[in-house]
Amino acid sequence: THAPMRFIRCRNAELLARLLELKGIESIDGFVIPKVDIPSLTIYEDLLKGSSFTVMPTLETIGVFDAGWCDELRYFLDQSCLRVLALRIGGNDLLRLLGMRRNRGVISYDTPLGAVISQLVLKFKPHGYQLSAPVYDYFQDRTTLAREVQHDVQMGLVGKTVIHPCQAEVIEAAFRISE
């Protein structure tokens with residue numbers, strides 16, 4: 001087995017600039033970049049140019065609902081020097097943009113987010129970009145989490161962010177390769 005990768009979620013580019021100055025920062029693998037669009041990614045790209053850090057941009061702005069915006073973002077990433085491990089799907093922020101919130105017991109795929117995830121898979125996966133599934137907020141509800149992760153795996157997503165350590169076991173079991 002290999003050690004888990006370690007990422008820091010930067011609230012903004014100014015924080016990333018400060019983090020890059022810290023002694024020992026090279027011991028992490030990369031950074032999660034929130035609320036990406038092309039202008040913000042350009043700033044992050046300038047800060048990370050020449051480094052070995054990997055990034056996980058988070059798709060959680062209104063542009064995600066526009067297929068043309070996704071094409072433009074993918075083209076930008078294709079030309080960029082950023083080393084993208086995966087694109088994270090910011091499900092809660094996307095639902096918030098629709099004036100919605102997911103209830104306990106409801107998986108992402110039973111909300112409009114299901115259609116958005118399908119679109120993102122079609123726009124990015126054929127071009128070599130991996131996608132990481134939205135977080136599931138209700139860490140006490142392992143049954144619904146397990147159902148959702150089954151859908152994540154079926155959609156070809158490669159990971160899922162946990163909000164509580166008890167979720168890791170359920171997620172790892174779903175992504176484990178069977179005998």
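This is a predicted model: local features need pLDDT of at least 70, side-chain atom pairs count only at pLDDT 80 or more; totals for chains, interfaces and linings use all residues.
Guide: Local features here need pLDDT of at least 70, side-chain atom pairs count only at pLDDT 80 or more, and totals for chains, interfaces and linings use all residues. Residues are numbered from 1 along each chain as its sequence is written, and side-chain values use heavy atoms, with hydrogens and water left out.

Visitor: How do you know that Cys10 is in no disulfide?

Guide: A disulfide is a pair of cysteine sulfur atoms within 2.5 Å. The nearest cysteine sulfur to that of Cys10 belongs to Cys81, 16 Å away. The structure holds 0 disulfides.

Visitor: Why is Cys10 called buried?

Guide: Buried means under 20% relative accessible area (exposed is over 50%, partly exposed in between; 1.4 Å probe, protein chains only). Cys10 has 1%, so Cys10 is buried. Cys70 has 0%, so Cys70 is buried.

Visitor: What makes Phe124 and Tyr129 an edge-to-face aromatic pair?

Guide: Rings of Phe, Tyr and Trp (its six-membered ring) pair if their centres lie within 6.5 Å; planes under 30 degrees apart count as stacked, over 60 as edge-to-face and the rest as tilted. A search of the whole structure finds 3 aromatic pairs. In one of them, Phe124 and Tyr129 lie 6.1 Å centre to centre, with 90° between the planes, hence edge-to-face. Phe124 is buried at 0% relative accessible area; Tyr129 is buried at 10%.

Visitor: What makes Lys123 and Asp71 a polar contact?

Guide: A polar contact is a pair of N or O atoms within 3.5 Å; within protein, one must be able to donate a hydrogen and the other to accept it, and residues adjacent in sequence count only if both atoms are side-chain atoms. The side chains of Lys123 and Asp71 meet this at 3.0 Å.
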